[in-house]
Amino acid sequence: MSDKSMAPSLEPRVASPAPATTSVARAYAAQAPDSRLAPFQIERRALRPRDVQVEILYCGVCHSDIHMARNEWGQTIYPVVPGHEIVGRVTAVGDKVTKFQTGDLAGVGCLVDSCRQCSNCRKGLEQYCKVGNVLTYSARDRISGDITYGGYSKQIVVDEDFVLRVSDKLPLAEVAPLLCAGITTYSPLRHWNVGKGHKLGVIGLGGLGHMAVKLGASFGAEVTMLSTSREKEEDARRLGAHKFALTRDAARLKELAGYFDFIIDTVSAKHDYNQYLHLLATDGVMICVGAPPTPAEVAVFSLIGGRRSLAGSGIGGLPETQEMLDYCAEHGITSDIELIDIAYINEAYERMLKSDVRYRFVIDMASLT
Ligand code: NAP
Ligand code: ZN
Ligand code: ZN
């Protein structure tokens with residue numbers, strides 16, 4: 001995290017009485033794996049000394065929201081209020097808060113707490129907290145044990161250590177998806193130092209995929225989009241991809257055998273990893289960020305031939321998320337979005353399941369009345 005972004009503001013603090021009691025917020029929730037999302041009322045906790053209350057203005061719709069709303073990963077606690085691509089404005093702060101004041105823009109991503117003491121937390125890798133981090137929704141608060149509720153709601157209360165600074169230079173609705181899709185692709189690209197001189201393949205042009213294309217190209221890699229949707233080719237190139245390959249075209253995939261230094265796999269549904277591992281060059285790495293609920297078979301010969309690696313990466317820690325937001329603000333990188341009313345959320349899910357997303361749905365929370 002840059003020193004600048006973490007430094008307490010030197011400007012005078014605007015007095016803002018922190019709510020001493022819980023507050024009620026409108027939200028959308030799923031009550032069971034097969035139920036549609038519908039209006040629901042939730043309670044947000046009374047502000048603790050280091051809590052920030054954020055009025056949510058926009059929330060991105062991640063495919064993980066669908067996996068979780070439908071309990072596809074087997075970990076959902078109902079009722080579930082999804083949403084972990086949150087941007088909004090600070091409306092109140094606890095009396096020990098130093099990073100934010102009322103009126104500031106703020107973001108909340110996939111995490112709202114972690115143990116803060118294990119070796120990973122101390123390195124800023126809260127997503128790999130050894131004790132167990134606390135997800136923004138469908139998890140248990142470490143202190144109260146209450147269910148955490150996500151961003152499909154009017155406001156949220158989060159410890160300031162898990163709240164991000166958001167630039168006012170970029171359109172706020174387009175910034176929201178950076179809080180998950182952005183960091184989930186930024187983190188592995190940085191970890192493996194993907195950049196100039198590398199050939200990067202991105203599988204799946206959805207929310208994560210389109211950010212991987214933008215960021216990979218911005219880091220200087222030659223980016224090839226590997227997609228099942230021919231009609232996305234023009235967009236892929238506009239987003240920054242240098243090449244496009246239709247993955248249903250066996251002849252085209254054969255041409256790309258042994259081609260890539262890195263592949264980022266963002267696919268949300270079951271698919272054949274071996275088909276893509278063969279596209280890696282010697283010592284190439286395929287990084288799975290897409291998280292299909294069902295396991296897939298990997299033939300070891302896909303790896304042995306060419307000393308290839310199959311890797312995974314989970315979101316990003318708080319310092320790196322801030323670094324990514326600052327990088328995007330500096331380079332003018334945002335998500336390509338379709339702004340929706342919250343009442344459209346069930347249709348948006350159905351469209352995402354048909355790969356019909358360009359390239360992130362973002363909920364305008366003003367529509368939640
Ligand atoms: P998304 O917007 O729905 O995009 C997924 C894309 O994958 C689709 O647009 C489609 O692209 C492709 N695809 C879908 N079904 C496919 C299939 N059967 N075979 C091949 N390609 C297929 O989803 P997202 O929000 O980007 O999320 C993608 C996955 O990442 C989800 O599983 C999500 O849970 C996971 N995720 C993981 C992390 C992490 O920390 N690792 C963080 C966030 C999300 P084309 O039309 O181009 O083929
Ligand atoms: Zn997500
Ligand atoms: Zn920890």
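## Basis

Residues are numbered from 1 along each chain as written, and ligands are numbered from 1 in the order in which they are written. In this predicted model, local features need pLDDT of at least 70 and side-chain atom pairs count only at pLDDT 80 or more, while totals for chains, interfaces and linings use all residues; side-chain values use heavy atoms, without hydrogens and water.

## Zinc site

C62 (SG), H84 (NE2) and C180 (SG) coordinate the zinc ion (ligand 2) at 2.0 to 2.3 Å. Donors are N, O and S atoms within 2.8 Å of the metal (3.2 Å for Na, K and Ca); water is not among the atoms, so sites may look incomplete. Along the chain the donors have the spacing C-x21-H-x95-C.

C62 is in the loop between β3 (51-60) and α2 (63-69), and C180 in the loop between α4 (172-175) and α5 (181-191), so the pair ties together parts 118 residues apart in sequence.

## Nonpolar cores

A nonpolar core is a set of buried Ala, Val, Leu, Ile, Met, Phe, Trp, Tyr and Cys residues joined through side-chain atoms within 4.5 Å. The largest has 100 residues, of which Y152, L200 and I345 touch the most other members. Helix α11 (318-331) gives the most to this core, six residues. Helices (H or I, at least four residues) and strands (E, at least two) are DSSP runs, numbered from the N terminus.

Domain 1 (4-180 + 335-367) and domain 2 (181-312) both contribute residues, so this core lies between them. Domain bounds come from an automatic or database domain assignment. Another core, of 15 residues, lies apart from it and includes F260, Y276, L279 and M286.

Conventions. Buried means under 20% relative accessible area, exposed over 50%, partly exposed in between (1.4 Å probe, protein chains only).
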